[in-house]
Amino acid sequence: MLVQARPRRGRVVEPEIGAPLRDLLAALRAPALVLGPRTDILAWNAEAVALFLDFSEIPPAQRALVRMVFLEPRIRGLFANWEQVAAEAVDRLRMTAARTPGDPRLTQLVGELSVHDPDFRRWWAGHGVRTLAGGHKHLRHPVVGELHLDWQVLQVLTAQDQTLVTYTAPEGSPSHEALRILCSWNAEVPVRRDSAIESDH
């Protein structure tokens, strides 16, 4: 079950995740995230917890994926190709900034990253922009070791500015088997149902 935040005066509330999308996220057997326009992590399944971390441990205001790539050691340390991942994240964020000039929350996010991370500050000063629909990530996971995963972004046509991001490995590959083991192990670990979408396995 996913609990939506209740509106409060002066507080920005993330878009609601529709029931069909929640059901799809729960049914997937691969790690998956639902992202908002600023890479805010709006929802995730138990497999994503196994791959990354329990996102409920991160305050919602700090739950932007691009922020965690730079400032969350548990995420940053996963990527063997971190510089490539981070540079692509900056370019995508710049594309978002071009589409929504004057967005105060985006301005705040860019300011925070610029103050706390010199790599972000250097890359943000560039001019690259890109919108990627997929790619490859090389992770060094503390439980199962090396993972070579394909990721893809699926646009949610029923919800403005929401995307579904999935992480998979070719069937029969060592990474596919390692990911299967990792997700099976995590199925036995309790996940807070008010913060993640769990599958039934």
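## Overall make-up of the chain

Among contacts in the protein chain (heavy atoms within 4.5 Å) between residues at least 6 apart in sequence, 55% join residues at least 24 apart. This is a predicted model, in which local features need pLDDT of at least 70 and side-chain atom pairs count only at pLDDT 80 or more, whereas totals for chains, interfaces and linings use all residues. Residues are numbered from 1 along each chain as its sequence is written, and side-chain values use heavy atoms, with hydrogens and water left out.

The secondary structure of the protein chain comes to eight helices and five strands, where helices (H or I, at least four residues) and strands (E, at least two) are DSSP runs numbered from the N terminus. Read from the N terminus on, the elements follow the order α-β-β-α-α-α-α-α-α-β-β-β-α. Of the 201 residues of the protein chain, 47% count as buried; buried means under 20% relative accessible area, exposed means over 50%, and partly exposed lies in between (1.4 Å probe, protein chains only). The accessible surface of the protein chain comes to about 10800 Å², and 54% of that surface belongs to carbon and sulfur atoms; such areas come from the Shrake-Rupley method with a 1.4 Å probe, and for residues only the protein chains shown count as cover.

## The nonpolar cores

A nonpolar core is a set of buried Ala, Val, Leu, Ile, Met, Phe, Trp, Tyr and Cys residues joined through side-chain atoms within 4.5 Å. The largest one here has 45 residues, and those with the most contacts inside it are Leu33, Leu51, Phe52, Phe55, Phe70 and Tyr167. The largest share of this core, seven residues, is supplied by helix α5 (residues 82-99). Phenylalanine 52, leaving aside its neighbours within four places in sequence, is in contact with Ile75, Leu78, Phe79, Leu139 and Tyr167. Apart from this core lies another, of ten residues, among them Ala32, Leu42, Ala43 and Ala159.

## Helix α5

At 1.5 Å a residue, the 18 residues of α5 should span 26 Å, and its end C-alpha atoms are 26 Å apart, which agrees; the expected span is 1.5 Å times one less than the number of residues in the helix.

## Salt bridges

Side chains of opposite charge can pair when their charged atoms come close. The structure holds eleven salt bridges, each being a side-chain nitrogen of Lys or Arg within 4 Å of a carboxyl oxygen of Asp or Glu. One of them joins glutamate 72 and arginine 74, with the closest N and O atoms 2.9 Å apart; glutamate 72 is buried, with a relative accessible area of 12%, whereas arginine 74 is partly exposed, at 40%.

In another, the side chains of arginine 76 and aspartate 119 meet at 3.5 Å, N to O. This pair links distant parts of the chain, with arginine 76 in helix α4 (residues 73-76) and aspartate 119 in helix α7 (residues 118-124), 43 residues apart. Aspartate 119 also forms a salt bridge with arginine 122, the closest N and O atoms being 2.9 Å apart, and because these two are three residues apart in helix α7, they are separated by about one helical turn. Arginine 76 counts as partly exposed at 27% relative accessibility, as does arginine 122 at 48%. A network of salt bridges links Arg76, Asp117, Asp119 and Arg122.

Histidine 136 is placed in strand β3 (residues 134-141) and, at 36% relative accessibility, counts as partly exposed. Not counting residues up to four places away in sequence, histidine 136 touches Asn81, His148, Leu149, Asp150 and Trp151. A polar contact of 3.4 Å joins its side chain to that of histidine 148, the term standing for a pair of N or O atoms within 3.5 Å; within protein, one must be able to donate a hydrogen and the other to accept it, and residues adjacent in sequence count only if both atoms are side-chain atoms. The side chain of histidine 136 also reaches the backbone oxygen of leucine 149 at 3.3 Å.

Threonine 39 lies in the loop between β1 (32-35) and β2 (41-44), and is buried, with a relative accessible area of 19%. Its phi is near 65°, a positive value in a residue other than glycine.
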